[in-house]
Amino acid sequence: MIGNYCRHYRKEKGLKLKDVAGDDNIKALSAFESGRSTNINHLNKYILLSVNYGDNDKFMFGLLQTIIKG
């Protein structure tokens, strides 16, 4: 659920998976976005991405809503 939210956010920004992954393993990040990985450490990349885009308040609010909906 959190990974799906992150995928939606990335696509909203018009970014490819490799743009977010950087030097890290793209497959691991893809697994996170697809719900096949629960490694919450991947969330850091999306938080930093939202800070870089200046909309971290929006991102965090959406993340909180996603968690609450469970």
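Of the 70 residues of the protein, 34% count as buried, a term that denotes under 20% relative accessible area, whereas exposed denotes over 50% and partly exposed the range in between, with a 1.4 Å probe and protein chains only. The model is a predicted one, in which local features need pLDDT of at least 70 and side-chain atom pairs count only at pLDDT 80 or more, while totals for chains, interfaces and linings use all residues. Residues are numbered from 1 along each chain as its sequence is written, and side-chain values use heavy atoms, with hydrogens and water left out.

The secondary structure comprises five helices and zero strands; helices (H or I, at least four residues) and strands (E, at least two) are DSSP runs, numbered from the N terminus. From the N terminus on, the elements run α-α-α-α-α. The radius of gyration of the protein is 11 Å, close to the 11 Å that the globule rule gives for 70 residues, so the protein is as compact as a globular protein of that length. The radius is taken over C-alpha atoms, and the globule rule is 2.2 Å times the number of residues to the power 0.38. Along the principal axes, the C-alpha atoms fill a box of roughly 30 × 25 × 20 Å.

Among the contacts with a separation of 6 or more, 56% come from residues 24 or more positions apart. The protein exposes about 4600 Å², of which carbon and sulfur atoms supply 53%; these areas come from the Shrake-Rupley method with a 1.4 Å probe, and for residues only the protein chains shown count as cover.

Helix α1 spans residues 2–12. Its residues G3, Y5, C6, Y9 and R10 are buried. Seen down the axis of α1, these buried residues fall within an arc of 155 degrees, so they line one face of the helix; the arc is that of the directions from the helix axis to the C-beta atoms. An α-helix has 3.6 residues a turn, so residues three or four places apart point the same way. The buried residues of α1 pack against α2 (17–21), α3, α4 (43–52) and α5 (56–69). After α1 comes G14, whose phi is positive, near 75 degrees.

Y9 is buried, with a relative accessible area of 2%. Beyond its neighbours within four places in sequence, Y9 is in contact with Y46, L49, S50, Y53, D55 and F59. Y9 and L63 are 54 residues apart in sequence, yet their C-alpha atoms are 9.9 Å apart in space. R10 also counts as buried, at 7% relative accessibility. Leaving aside neighbours within four places, the contacts of R10 are L15, K16, L17, V20, E33 and Y46.

E33 counts as buried, at 3% relative accessibility. With neighbours within four places again set aside, E33 is in contact with G3, N4, C6, R7, R10, L17 and Y46. The C-alpha atoms of E33 and R7 are separated by 5.5 Å, although these residues lie 26 residues apart along the chain.

The loop between α3 and α4 contains G35, which counts as exposed at 56% relative accessibility. The C-alpha atoms of G35 and N4 are 7.0 Å apart in space, and the two residues are 31 residues apart in sequence.

In α4, the buried residues are L43, Y46, L49 and S50. They cover an arc of only 120 degrees around the axis, which puts them on the same side of α4. What covers these buried residues includes α1, α2, α3 and α5. The face of α4 turned away from the buried side carries the exposed residues L48 and N52. L48 has a relative accessible area of 55%, and its C-alpha atom is separated by 22 Å from that of I68, 20 residues apart along the chain. Just after α4, G54 takes a positive phi of about 70 degrees.

Methods. Contact means heavy atoms within 4.5 Å.
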